[in-house]
Structure formats: structure tokens, C-alpha cells
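Hi everyone, thanks for coming. Let me put the sequence and the model up on the screen, and then we can walk through a few spots together.

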Amino acid sequence: MRKIAVMEDFLTPERRKKVLDTAEKCGFAVDFYGRGAAPAQGLEQYEIIYGWCNPQDLKRATGLKWYCCGFAGVDQLSDDSLYASPDVVLSNSSGAYGLTISEHILMVTLMLLRRMPEFQDIVRRREWVSELPMRSIYGSRITVLGAGDIGTNFARRAKALGAGHICGVSRSGRNPDPAYDRMLPQEQLDQVLPETEILVMALPSVADTVGILSRERIALLPRDAIVVNVGRGTAIDQEALMEALNAGRIAGAALDVVVPEPLPREHPLWSTRNLLLTPHISGNMSLGYTCDINVDMFCRDLENYAAGRPLEHRVDRKRGY
């Protein structure tokens, strides 16, 4: 019988049953392993892998035809040389993380606007200071760089909180979602940065996004701007961002992704002023809702695969998304 290897840790009995039922309907048997826990022997028997398989193990999967990564970002998996065959189809789970990551963006944005890091320092010193001026999402001018699932989920929530103007920036400059007041192609990013109070970055790591927030573009941001990055750390000139934050040339930043990861203990980002750091936790499988959607997406595409239909979430490895 054709076989599937599932390499994930978040499968409750209910989610496991959904995978098993769908696989049986499609003519597949399933073996379950932990995340990244590819078997030392027998990986060649699997036609499909779902979840996270360490890239160094993929070459052993000589029977692999479809790899469904449980993450949205697949920059570590796009190199053809990782696979025994260049014909292996790669898909991701983009679309499962919009809710959880957009809530993270809201959290850190409000923390910065309402001066939470400074108030935490005040309270640790056992002082009673309440005069720090605060700002709001209400009425603010927001630029969403990367107007896909994650960026658009955040834009909808920011609009519901009364954001004054939301500009989306994407490769095509097109997204009909009513959360956006304006859409621009990536080449016109410089036009909107000088009027941006909140810059949210939700980009994959591909050739035209590496270093997109350069030193020159950071200089275009107004002094009251904050930057939130939940995409990939490669999108920002970190040295220039640290300099701008330490000099007070921008108001703050929140980074869930950095270069390198994990961040070394001696790295200057740890002590940068007005910076919120989180260890790449905005997505993950922290919400049950995310896990449910992830499994649902795989099962729908398994039915597509078995029926010979195109996969909904297929990735173009040359483009990286």
C-alpha cells in the first residue's frame, strides 16, 4: 500500500483520526513520527511526508513524490539538491497562521504604542510613574509589507480597531481585501515609508525580499515609526535598525525573527533600546485553531493529490513561495 509519514508532535487523537480517515479514503497507510524524527531506516518507502522533516534526511526519501511542510516558510526546503528527485512536489501550510501571527502583531504593536517595556522597567524599580504619553492604533497610518494571509489578517484587525489608513505592499500591488485603503507594488515602497507610523513586515525569505528594509529605507521612516517583523530576519538590515533605535531615530521595533537564530547571547540586539524580541514564536502550533487548520489543509490537499488535481498550497521552489 502507498504510504505517508507524518512527522509532527501536535496531533491529538482527533487530529490523528482525521488524517487516518482521509488517508484510508485515498488509499494510503500512515506512520506517525515526532517532528523532525525521520526513521533511521525505511524512509524510502514513503510517497508523502507531512510535517517537518529535517532537510538532511530528505535525500534518503527516494520514493518521495510530495512533501507537505507544516510551516508557512519553506526557504530551507527550496533547494532541488535536497531531494532524491527534482520532481518532488513541495507544498506549505500558508494560510494556517494568519490568526495566531496577526494576534502577535497586535500584541507587540500595542505594547510599543502604550510604552509597556518602559512601564515594566518602572515597575521593576518599584516606582510609580504614570506620565508617559501613549499612542493608539486608532487613527494611525499603517503599512503592511507582505499583503498575504498573515499581513491581511492583521490589516483586518487593525481596521476593526480604527486604523486611520492601511497601505498594503505586495509584488503585484494587488489585493482586493477591503481592509486596505491603498495597495502598492513593492517597487513603490519608498513612497509610503515617510508617512508610515506602523510598518508590519510579513515576508518570505526570497531574493527580492532579502535586505528590503535597508539602511536607506529605515532613514525614510519618521521618528515616531515602529517596525514589526514576523516574516524572516533577512528582510532587515539589522545593524542599521539597531543604530536607528539606539539613536532614537525611530520609536521602536518588535522582532520575532532575526539573523542568526537562535540569537547568540552576546549579540547587541539583546541590549538595543526600544526593542521587543521574541524567539520566533508568533506562529508555531501554540493555538489549537492553528493545528486544526493545518491538518484540514493537508487533508484537503491529500484528496486533491489522490484525485490527480492540483494542490492548493503547492510551492514554486524556484520562487520560494
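Is T152 buried or exposed? T152 is buried, because its relative accessible area is 6%, where buried means under 20%, exposed over 50% and partly exposed in between, with a 1.4 Å probe and protein chains only.

A quick word on the ground rules. This is a predicted model, where local features need pLDDT of at least 70 and side-chain atom pairs count only at pLDDT 80 or more, while totals for chains, interfaces and linings use all residues. Residues are numbered from 1 along each chain as its sequence is written, and side-chain values use heavy atoms, leaving out hydrogens and water.

Back to T152, which sits in helix 5, residues 149-160. Helices here are DSSP runs of H or I with at least four residues, strands are runs of E with at least two, and numbering starts at the N terminus. Setting aside neighbours within four places in sequence, T152 is in contact with A147, N175, D177 and Y180 (heavy atoms within 4.5 Å).

Now the aromatics. Rings of Phe, Tyr and Trp (its six-membered ring) pair if their centres lie within 6.5 Å; planes under 30 degrees apart are stacked, over 60 edge-to-face, and the rest tilted. That rule gives six aromatic pairs. In one of them, Y50 and F298 have ring centres 4.1 Å apart and planes at 0 degrees, so they are stacked. Y50 lies in strand 3 (residues 48-51) and F298 in helix 9 (residues 288-307), so this pair ties together parts 248 residues apart in sequence.
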